[in-house]
Amino acid sequence: MTSISGKRILLVVPKFAPLDSQIMNELEIQGAYVEIIYDQCQKFNPNFIKSSFRIIRKCYYKLNNLNIKYHSQFDQWDKEWDYLLCINGWSIDPILLKKIKTLNPNIKCILYLWDSLKTFRFNCLFPFFDKVYTFDYQDSIKYNIDYLPLFWVENKNGNHSEIKYDLSFIGKLHSDRYEVIKKIEKYCRNNGINYYFKIIITNRGSNIIEYIKHLLFKLKNRGQIDYRYDLLYGKIIDPIISFNYVDPIVAQNIINASRCIIDIEIPEQSGLTNRTIQGLGYQKKIITTNFKIKNDVLFQNNPNIIVIDRYNPIINTEAISQNYSSDKPNNTILEKLRIDNWIKIILNMKKINDMIVFK
């Protein structure tokens, strides 16, 4: 098969702008008819690795069929499809997969994971899919599934803006991201490095639950500041914090005007973020705290990636001032990760020797 033109694709994906719409748009550009179901992770899901009271959660889920109830509101499951493309599949249930396969005996079911199996038990779904990909190289080895990093989307306005910032970062608040950025900010001020940093908080959650988390943090980490709680409830006022999304056009302009993009991953994840792939696609250097990238089969020798210590971030000013290296091996990899080619790999429209997936 060389084209999905005219094919019917059911896309099940988390609502994670702009990645969800970028995938749907590219499928449509390539001629497919696409309907989308925005997958939501149901509360108290027992498949989270760190979930407490897992036995109680499993019983609660089994008795109440929460995933089935959630998906029963979508009539797309009863239609005819050529493909089911599922991203993560937090609330996908084997019953749903058996149902769609019964109605569509020739359907191709594909699962792509952009979260790690260290955080969620996605592997319970593997037997029900024809193909499984992961963005996490370590997970690909451990679970014998195909490794395929995330995609990047071309900048239609070009990447030739005047450079205003040596470093930039725009991303949501999670884990120790704020503390790391503040250390980098201090280093930049002390070393004359221009920067633009913005950490976004869009969901404050339940006041009661957040307060309980705060108390547990204080009990476990006596004497330490709970930055997350203090930021959520305005106890820390900082201009790098925003309670609104940065306009996509503004964010794009900042990336274009930056020499290097900072990436601060969730500590327990080793998969490369979309920020990393997108930045490289725009020919920006990447400064990342993800030291596991040194063992990544695709990016371990990339001269455009600089790894720093998240606890003591020291940035080599000479390295960030050097031009982006456009060597052929890295450009070839990025070409294949551009979203049009990425979709073709995912849906198996490229010959196996043209693919960059690894087991």
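What follows is a short chat about the sheet in this predicted model.

Me: Before we start, what do the numbering and the cut-offs rest on?
Reply: Residues are numbered from 1 along each chain as its sequence is written, and the model is predicted, with local features needing pLDDT of at least 70, side-chain atom pairs counting only at pLDDT 80 or more, and totals for chains, interfaces and linings using all residues. Side-chain values use heavy atoms, with hydrogens and water left out.

Me: OK, in what order do the strands of the sheet come?
Reply: The open sheet has six strands in the order E2-E1-E3-E4-E5-E6, with parallel pairing; strands (E, at least two residues) and helices (H or I, at least four) are DSSP runs numbered from the N terminus, and two strands pair if DSSP finds at least two bridges between them.

Me: And which strands are at the edges?
Reply: Those are E2 (33–39) and E6, each of which pairs on one side only.

Me: Which helix packs on the sheet and touches E1, E2 and E3?
Reply: That is H1 (residues 19–29), whose direction makes about 170° with that of E1 (8–14); contact means heavy atoms within 4.5 Å, while axes are lines fitted to C-alpha atoms, for helices over the stretch in contact, and angles run from 0 to 180 degrees between N-to-C directions.

Me: Switching to E5, how many bridges join E4 to E5?
Reply: Four bridges join E4 (residues 108–113) to E5 (residues 131–134) in parallel, and Tyr112 has Tyr133 as its bridge partner in E5.

Me: What is the partner of Tyr133 in E6, then?
Reply: The bridge partner there is Asp146, and two bridges join E5 to E6 (residues 146–147), again parallel.
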